[in-house]
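Subject: Structure for your review

Dear colleague,

I am handing over the structure we discussed, and my notes on its pockets, its core and a few residues follow below. Please read them with the model open beside you.

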Amino acid sequence: MELYTYYRSTSSYRVRIALALKGLDYQALPINLIAAQGGEHRQPTYLAINPQGRVPALRTEHGELLIQSPAIIEYLEERYPLRPLLSNDLATRAHERGVAALIGCDIHPLHNVSVLNLLRQWGHDEVQVVQWISHWITQGLAAVEHLIGNQGYCFGDEPGLADVYLIPQLYAAERFNISLEAYPRIRRVAALAAQHPAFLKAHPAQQPDTP
């Protein structure tokens, strides 16, 4: 498999965690989002791979080209079920998917670089942009704090789908200097992930395109 990725893209980070948790080998193909001439993701070569011009994209072992981290992770879950990311319990599965969707749909998109650049184009200064980022991340993490469990990872003793989404979002929170002091459950999960080989392998600092 080939993963088109960028070291600090939280969407790419999710897929790297899922691949690592499932013990799947892949070749990382870095796409520099901040390269000269507007970034490699905007060049015709990459647009031919993903017309949206975003990462991640995954070329499967059968040559299929998949885009969007939720779809890629769902594919991995169904194609390689032996190390599941979802609980056997249907209600717990719904909770796991709910936290993943909260992060993937309601937090992350609002601090995506394309959104931030548009705010700047519309005349918002950096103080306002930072306030925007902080508002949406803190609001979202406050909800996650109430939704996850009291011990172990988000929903049990083993990491799952919610953790795959949460840990990259915490990396983004750290980048934007957002404190996690008010979220003891989230800090517990972060401490566990910081010792887990799959999360360590997927971390932005360990990627081939890390500066």
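The domain bounds used below come from an automatic or database domain assignment. Please also keep in mind that this is a predicted model.

With those bounds, domain 1 covers 2-83 and domain 2 covers 90-199, and the lining of the second largest pocket draws at least three residues from each of them. This second largest pocket holds about 360 Å³ of space, and it is lined by 18 residues, of which Pro70, Glu74, Leu86, Arg97 and Leu161 are the closest to its centre. Two or more lining residues come from each of α3, α4 and α7, with α4 giving the largest share, 6 residues. By type, the lining of the second largest pocket divides into 11 nonpolar, 2 polar and 5 charged residues.

The largest pocket contains about 900 Å³ of space, and its lining likewise takes at least three residues from each of domain 1 and domain 2. Of the 33 residues that line the largest pocket, Leu33, His108, Asn112, Val113 and Ser114 lie nearest its centre. The elements that supply two or more residues to this lining are α1 (10-21), α3 (69-79), α4 (90-107) and α5 (113-121), and α5 gives the most, with 5 residues. Here the lining divides into 11 nonpolar, 16 polar and 6 charged residues.

For Ile186, the contacts beyond four places in sequence are Leu141, Val144, Glu145, Ile148, Leu166 and Leu170.

Two single residues may also be worth a look. Gln169 sits in helix α7, residues 161-175, and it counts as buried because its relative accessibility is 1%, where the cut-off for buried is under 20%. Apart from neighbours within four places in sequence, Gln169 is in contact with Ile103, Ile107, His108, His111, Ile137 and Leu141.

Leu58 belongs to strand β3, residues 57-59, and at 0% relative accessibility it counts as buried. Leu58 and Thr5 are 53 residues apart in sequence, and their C-alpha atoms are 8.8 Å apart in space.

With best wishes

Conventions. Residues numbered from 1 in each chain as written. Predicted model: local features only at pLDDT ≥ 70, side-chain atom pairs only at ≥ 80, totals over all residues. Heavy atoms only, no water. Helix = DSSP H or I, 4+ residues; strand = E, 2+ residues; numbered from the N terminus. Buried < 20%, exposed > 50% of the residue type's maximum accessible area, 1.4 Å probe, protein only. Contact = heavy atoms within 4.5 Å. 1 Å grid on protein atoms, 1.4 Å probe; cavity = no way out; pocket = protein on both sides within 12 Å on 5 of 7 lines; lining within 4 Å. Points joined across faces, edges and corners; volume = space filled by probe spheres on them. Nonpolar A, V, L, I, M, F, W, Y, C, P; charged D, E, K, R; others polar.
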